[in-house]
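Biologist: I would like to go through this model with you and ask what stands behind each label. Could you show it to me first?

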Amino acid sequence: MQDPARRRLLAGLALSMPMARVARASADGPVTLFAAASLTDALTEIVAGADHEIRTSFAASSTLSRQIAAGAPADLLMLASPVWMDWLEDAGLLSPDTRRMATSNRLVLISPAGDAQSPGEAPTLLQNVPGRIAVGDPDHVPAGIYAQAALISLGLWEALSPRLARADNSRAALALVARGEAPFGIVYETDALIEPRVAIVARFDPATHPPIRYPLAIAKGQDRPAVRRLYARILGDEGQAILAAHGFAAREQG
């Protein structure tokens with residue numbers, strides 16, 4: 001997601017927010033992992049097999065990035081947005097040369113599983129939607145930003161933007177559809193796969209939005225052995241297999 005206007009917006013945020021000093025944790029202390037909400041299930045499984053105490057915090061990438069900038073004690077971070085990782089990198093809050101693309105995802109259209117909605121093409125289904133569409137808030141949530149890009153590409157943004165039910169993250173948008181509070185939602189495919197109360201009714205053409213990539217990096221001052229082991233576990237064969245089992249694409253794909 002390299003939209004120049006959005007990059008300028010994030011650069012402005014970086015200038016307006018105080019950047020906290022980051023203190024180095026003790027070599028044998030717990031490792032704190034900040035990660036996008038859509039990674040909750042996969043990373044929980046990866047962490048369960050780690051050889052060290054791991055503390056996790058899952059939320060929207062925008063929320064986590066702001067928390068880190070304000071001094072939250074993250075050791076390792078895995079976001080759903082290269083743009084937010086760019087923001088942290090530009091602010092000098094990452095350990096040098098530790099940023100890697102860890103995995104990727106897909107964007108889908110969902111509806112409540114109990115409805116008689118038949119699968120089809122996203123543009124056709126969205127043009128006929130009877131109510132609101134649940135999405136991550138396009139103003140700052142990566143899932144919503146990808147959804148906005150897709151709707152703009154399809155020529156539907158102007159008509160549908162007033163009808164969006166804006167959620168704090170992709171999981172929250174998923175929940176709105178699962179509870180039947182929205183007839184449609186635009187979420188990550190991996191989120192849809194874990195919720196039996198929703199059905200995938202369409203997949204967005206990847207050409208309609210920037211690639212959904214998850215960068216991984218070690219926070220500034222936290223490059224220590226325990227952090228490196230978790231970092232290597234996520235990028236290694238076992239971590240990648242777990243991510244793939246949860247529906248994420250291999251990191252080599254982009």
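Modeller: Gladly! Let me start with a cut-off: a residue is buried under 20% relative accessible area, exposed over 50%, and partly exposed in between. Arg228 has 34% relative accessibility, so this residue counts as partly exposed. Please keep in mind that this is a predicted model.

Biologist: Thanks. What makes Asp223 and Arg228 a salt bridge?

Modeller: The cut-off is 4 Å between a side-chain nitrogen of Lys or Arg and a carboxyl oxygen of Asp or Glu. For Asp223 and Arg228 the distance from N to O is 2.8 Å, so the pair qualifies. Asp223, at 30% relative accessibility, is partly exposed.

Biologist: And why is Arg233 called buried?

Modeller: Its relative accessibility is 17%, and the limit for buried is under 20%, so Arg233 falls on the buried side. Arg233 also has a salt-bridge partner, Glu238, with the closest N and O atoms 3.0 Å apart.

Biologist: How many salt bridges are there in the whole structure?

Modeller: A search of the whole structure gives 15. One of them joins the side chains of Asp41 and Arg171, at 2.7 Å from N to O. Asp41 sits in helix α2 (residues 40–48) and Arg171 in helix α8 (residues 170–178), so this pair ties together parts that are 130 residues apart in sequence. Asp41 and Arg171 also belong to a salt-bridge network with Asp191.

Biologist: Is Asp41 buried, partly exposed or exposed?

Modeller: With a relative accessible area of 32%, Asp41 lies between the 20% and 50% limits, so it is partly exposed.

Biologist: Let's move to helix α3. Which of its residues are buried?

Modeller: In α3 (residues 61–69), the buried residues are Ser61, Ser62, Leu64, Ser65, Ile68 and Ala69.

Biologist: How do you know that they line one face of the helix?

Modeller: Looking down the axis of α3, the buried residues fall within an arc of 165°, so they line one face. Their cover includes strands β1 (31–36), β2 (54–59) and β3 (76–78), along with helices α4 (82–90) and α6 (142–153). After α3 comes Gly71, with a positive phi near 110°.

Biologist: Strand β2 holds Ser57. What makes Ser57 partly exposed?

Modeller: Its relative accessible area is 25%, which is between 20% and 50%, so Ser57 is partly exposed. Leaving aside residues up to four places away in sequence, Ser57 touches Leu33, Phe34, Ala35 and Leu64. Ser57 and Ala35 are 22 residues apart along the chain, and their C-alpha atoms are separated by 6.3 Å.

Biologist: What other aromatic pair is edge-to-face, and which parts of the chain does it tie together?

Modeller: Tyr214 and Phe248 form an edge-to-face pair, at 5.5 Å centre to centre with 90° between the planes. Tyr214 is in strand β10 (residues 212–218) and Phe248 in the segment after α11 (237–245), so the pair ties together parts 34 residues apart in sequence. Tyr214 and Phe248 share one aromatic cluster with Tyr146 and Tyr188.

Biologist: How do you know that Tyr214 and Phe248 are buried?

Modeller: Tyr214 has 0% relative accessibility and Phe248 has a relative accessible area of 5%. The limit is under 20%, so both count as buried.

Biologist: Where does Tyr214 stand in the nonpolar core?

Modeller: The largest nonpolar core has 52 residues, and Tyr214 is among those with the most contacts inside it, together with Leu39, Leu76, Met78, Leu109, Ile133 and Ile186. Helix α10 (residues 225–235) supplies the largest share of this core, six residues. Apart from it lies another core, of 16 residues, including Phe34, Leu77, Trp84 and Ala219.

How values were computed: Residues numbered from 1 in each chain as written. Predicted model: local features only at pLDDT ≥ 70, side-chain atom pairs only at ≥ 80, totals over all residues. Heavy atoms only, no water. Helix = DSSP H or I, 4+ residues; strand = E, 2+ residues; numbered from the N terminus. Buried < 20%, exposed > 50% of the residue type's maximum accessible area, 1.4 Å probe, protein only. Core = buried A, V, L, I, M, F, W, Y, C linked by side-chain atoms within 4.5 Å. Arc of directions from axis to C-beta. Contact = heavy atoms within 4.5 Å. Phe/Tyr/Trp six-rings, centres within 6.5 Å; stacked < 30°, edge-to-face > 60°.
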